[in-house]
Every structure is written in structure tokens, then in C-alpha cells.
Amino acid sequence: MRAQMGQDATDAPAAAGWALAMRAADYAARALRTDRRRGDETSPYMNHVLEVAALLAETTGGRDPLLVTAALLHDLPARTKIPRETLEREFGPEAVDVVYEAHMVRGGDREERRRDEIDRAPRMSPRARQLKLADKTSS
């Protein structure tokens, strides 16, 4: 599996990055354990989170575990009351910054939110744009 992910046994930073991503998966699964997909009460919401993370792991060839970590955390601000500071303490500011940069602004009607997303997209970092696109693809 490591060969497919573009890593070998001596790649300690990548291994640490993937360990962080696995902790994020566990954290998100616990935080979202009772959430279900809208319109399908039988589908756990975590399935969406995992799909977004898998899309990004695949499109980056497994070379960006920080982006995958952000994907696993991306819906926690909207769906839980976990403070940003807690997420930063657990997963570091770099991953959490991507989450909040890609995070959809709430409020206003659907058309206003859509316009805001379109206006913000060119100013997003590459990671935030990738996360937003994977999220939209999965939704």
C-alpha cells in the first residue's frame, strides 16, 4: 500500500501526516456518529466525509495527508459545536485553516450563498479549492 501512496518506510513526515489523518477520521466519526444524510435517514453522514477524503487522497496520489485531514474535518464547524481552537489543538492550525477557508458561509438565501462561494473561489488557496470541489462533487 505504501508504494501506491508514493511513500516508503523511511518517509517519517508522510507517516506522521497519515497518522494525523487517521486520528481525524476517528474524531469525525465520533463527532458525527448520530448524523444522517439529508433525505436518507439510513445513510450515516460520515459516508459523505469519507467520500470527500477518498476523492482527495486519490486525486493527490496520496501525497497530501494534510488535505485529507482537512477533508475529514471539513463539516465539523457546520454540524457540531466543536470550537475552532479545539480542532487546532488536536490537528494543528494548518489543516484547520483549510477547513475554515473552504467552509461555506451560512446565512442569506441560497442564491446569496452561491454568489459568495463563486466570489471567494479565486482567492482560496489551492488546498481549499480542492476541498471545496471534492465536497461539491460528493454532495
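Because the model is predicted, local features are given only where pLDDT is at least 70 and side-chain atom pairs count only at pLDDT 80 or more, while totals for chains, interfaces and linings use all residues. Residues are numbered from 1 along each chain as its sequence is written, and side-chain values use heavy atoms, with hydrogens and water left out.

**Overall layout**

The protein chain has eight helices and two strands, where helices (H or I, at least four residues) and strands (E, at least two) are DSSP runs numbered from the N terminus. Read from the N terminus on, the order of elements is α-β-β-α-α-α-α-α-α-α. Of the 139 residues of the protein chain, 40% count as buried; buried means under 20% relative accessible area, exposed means over 50%, and partly exposed lies in between, with a 1.4 Å probe and protein chains only. Among contacts (heavy atoms within 4.5 Å) between residues at least 6 apart in sequence, 60% join residues at least 24 apart.

In helix α6 (residues 93-102), the buried residues are Ala95, Val96, Val98, Val99 and Ala102. They cover an arc of only 150 degrees around the axis, so they lie on the same side of α6; the arc is that of the directions from the helix axis to the C-beta atoms. The buried residues of α6 pack against α3 (65-73), α4 (76-79), α5 (84-91), α7 (110-120) and α8 (126-138).

In α5, Thr86, Leu87 and Phe91 are buried. Seen down the axis of α5, these buried residues fall within an arc of 105 degrees, and therefore they line one face of the helix. The face turned away from the buried side of α5 carries the exposed residues Glu85 and Arg89. The buried residues of α5 pack against α1, α3, α4 and α6, and α5 is followed by Gly92, whose phi is positive, near 90 degrees.

**Two helix pairs**

The table gives the packing of two pairs, with axes taken as lines fitted to C-alpha atoms, for helices over the stretch in contact, and with angles that run from 0 to 180 degrees between N-to-C directions.

| Pair | Angle | Axis separation |
|---|---|---|
| α1 (residues 12-31) and α5 | about 140 degrees | 11 Å |
| α3 and α8 | about 45 degrees | 10 Å |

The contact of α1 with α5 is made by Leu20, Arg23, Ala24 and Tyr27 of α1 and by Thr86, Leu87, Glu90 and Phe91 of α5.

α3 and α8 are therefore oblique to each other, given that angles under 35 degrees count as roughly parallel, over 145 as roughly antiparallel, 65 to 115 as roughly perpendicular and the rest as oblique. In this pair, Leu66, Leu67, Ala70 and Ala71 in α3 meet Arg127, Gln130 and Leu131 in α8.

**Two buried residues**

Thr69 has its place in helix α3 and is buried, with a relative accessible area of 0%. Not counting residues up to four places away in sequence, Thr69 touches Gly17, Leu20, Ala21, Ala24, Phe91 and Ala95.

Met124 is found in the loop between α7 and α8 and, at 7% relative accessibility, counts as buried. Leaving aside neighbours within four places in sequence, Met124 is in contact with Glu101, Ala102, Arg129 and Lys132. The C-alpha atoms of Met124 and Val98 are separated by 9.1 Å, although these residues are 26 residues apart along the chain.
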